[in-house]
Amino acid sequence: MIDIITTPGEFTQRWMVPPNFRLAPDLRPFRFTLPPALEVLDVIRNDDEVRFTLLGDLDPEIRSARTRAFRHAPVEEIAQWPFRLVHFHLARLYDNLLAGFHENVMIPWRTFLSAHGFTWHRCSPLLFLSGPSGNSTYHTDQSHGLVWQIEGAKTFHSYHAPDQVLSADAAIRCESTGEHPPLHDARTVQAVLMRPNDLLWSHVLTPHWVTADTALSMSINVSHGGLARHGRFAPREQVLREHWDKHPDEPWLTDFRNTRY
C-alpha cells in the first residue's frame with residue numbers, strides 16, 4: 001500500500017528519494033474549486049498554447065477530420081474521443097477561466113515550501129485533460145511534480161525502486177521515452193489510483209505512465225524545476241545538474257514544451 005504523508009516533517013524527510021507518496025488531505029495548504037472538466041476543455045482547446053493528441057487505431061481520414069474539428073466541434077462530442085491534452089502556461093488563464101487560482105493555490109503552496117526550507121527555479125502548474133483511454137506516454141520528467149487529481153480518475157504507475165529500472169543518467173538520455181511502458185514484473189510497479197482531490201508526489205527523473213480510468217479526467221501537476229531544501233538537491237536531480245554543468249547548452253533547451261504527455 002502506498003505511503004501517505006501526514007505531516008510537514010514527513011514531507012521534508014521523503015521528498016528527495018523514491019518511491020512516490022500521497023499527501024494527506026489535511027496537509028494540503030490550499031483549497032480551490034476548478035470549473036468542470038467539460039467547461040475547461042471547451043475553453044482551453046482554443047488556446048494557442050494547448051497541445052493535444054488523438055489516440056487509438058483510427059483511420060487516417062477520421063484522424064485528420066477529428067484533428068481539424070477539435071477546436072470547434074461540440075465539446076460533448078470531443079469528450080467521447082480518445083485524446084490527451086496538456087496546457088503548460090496556465091497563467092494565461094488566471095484572469096478568466098482560472099480566476100483566483102494563483103492566489104488560492106500557487107501562493108499557499110509556494111509559502112508552504114518556503115516555510116520548510118525549500119527553494120526552486122520554477123514552480124508552475126500544468127493542466128492535463130484526457131478522454132476515454134487517454135493514457136499518457138511512458139516517460140520521465142526533469143522536475144518533481146505535485147499531481148493533483150481534479151475530476152475523474154486515473155492510475156499513476158511508477159516503480160517501487162526506480163533506480164533498479166532506470167538510472168538517472170539513462171533518464172537524462174531519454175531512454176525511458178515511449179508510447180507504452182516496457183515489459184515489467186507487476187510486483188515492481190507502484191500503481192496509485194487517483195480520485196478527485198488526491199495528491200501525489202512524483203519524483204524527478206523517475207519513469208512513469210498514467211492510465212485513464214474514467215471517460216474524462218482532469219488533473220494539475222505543479223512542476224518544481226530546480227527544487228532544493230537548504231541548498232541540497234535530490235540525488236537524481238543532482239545527477240541532472242552535474243550533466244548540465246558538463247553540457248551548459250542543454251538547460252536552455254529544456255522547458256515545458258519538452259514535457260512528455
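**Close-up views of a predicted model**

**View 1. His-224 and its polar partners.** The side chain of His-224 reaches the backbone oxygen of Val-222 at 3.0 Å. A second polar contact, of 2.8 Å, links the side chains of His-224 and Trp-109. Polar contacts are N or O pairs within 3.5 Å; within protein, one atom must be able to donate a hydrogen and the other to accept it, and residues adjacent in sequence count only if both atoms are side-chain atoms. The model is predicted: local features need pLDDT of at least 70, side-chain atom pairs count only at pLDDT 80 or more, and totals for chains, interfaces and linings use all residues. Numbering starts from 1 along each chain as its sequence is written, and side-chain values use heavy atoms, without hydrogens or water.

**View 2. The setting of His-224.** His-224 lies in strand β12 (residues 217-225); strands are DSSP E runs of at least two residues, helices H or I runs of at least four, numbered from the N terminus. His-224 is buried, at 0% relative accessible area (buried: under 20%, 1.4 Å probe, protein chains only). Its contacts (heavy atoms within 4.5 Å) include Leu-113, Arg-122, Cys-123 and Trp-201, not counting residues up to four places away in sequence.

**View 3. Asp-47 in its loop.** Asp-47 sits between α2 (37-44) and β3 (50-54). Its relative accessibility is 11%, so Asp-47 counts as buried. The side chains of Asp-47 and His-87 make a polar contact at 3.2 Å. Asp-47 also touches Arg-71, Arg-92 and Leu-93.

Terms used:
Buried means under 20% relative accessible area, exposed over 50%, partly exposed in between (1.4 Å probe, protein chains only).
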